[in-house]
Amino acid sequence: MNDEIVLDVGNGCSVVAIITRQSTQALELKPDGKATALFKASSVIVGVPG
């Protein structure tokens, strides 16, 4: 089972990640909690609204 994690980075923008439920629990992620995003990937998909 996976969770979709949405981080509000300000100015109406967000970063979205899919992580395992186990990782969500291990990081103790909660709605409206604080978190930091780090990128380490060979592929990143970037989009713009509309």
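Here are a few questions and answers about the structure above.

User: Which residues does the salt bridge join?
Analyst: First, a heads-up: this is a predicted model, where local features need pLDDT of at least 70, side-chain atom pairs count only at pLDDT 80 or more, and totals for chains, interfaces and linings use all residues. Residues are numbered from 1 along each chain as its sequence is written, and side-chain values use heavy atoms, leaving out hydrogens and water. A salt bridge here means a side-chain nitrogen of Lys or Arg within 4 Å of a carboxyl oxygen of Asp or Glu. The count comes to one, and at 2.7 Å, N to O, the pair is Asp3 and Arg21.

User: How many residues apart are Asp3 and Arg21?
Analyst: Asp3 sits in strand β1 (residues 2-10) and Arg21 in helix α1. Helices (H or I, at least four residues) and strands (E, at least two) are DSSP runs, numbered from the N terminus. The pair links distant parts of the chain, and the separation is 18 residues.

User: Is Asp3 buried or exposed?
Analyst: Buried means under 20% relative accessible area, exposed over 50%, and partly exposed in between (1.4 Å probe, protein chains only). Arg21, at 34%, counts as partly exposed. Asp3 has 14% relative accessibility, so Asp3 counts as buried.

User: Where does Gln25 lie, and how far in space is Gln25 from Val9?
Analyst: Gln25 is in helix α1, and its 55% relative accessibility is why Gln25 counts as exposed. In sequence, Gln25 and Val9 are 16 residues apart. C-alpha to C-alpha, their distance in space is 22 Å.
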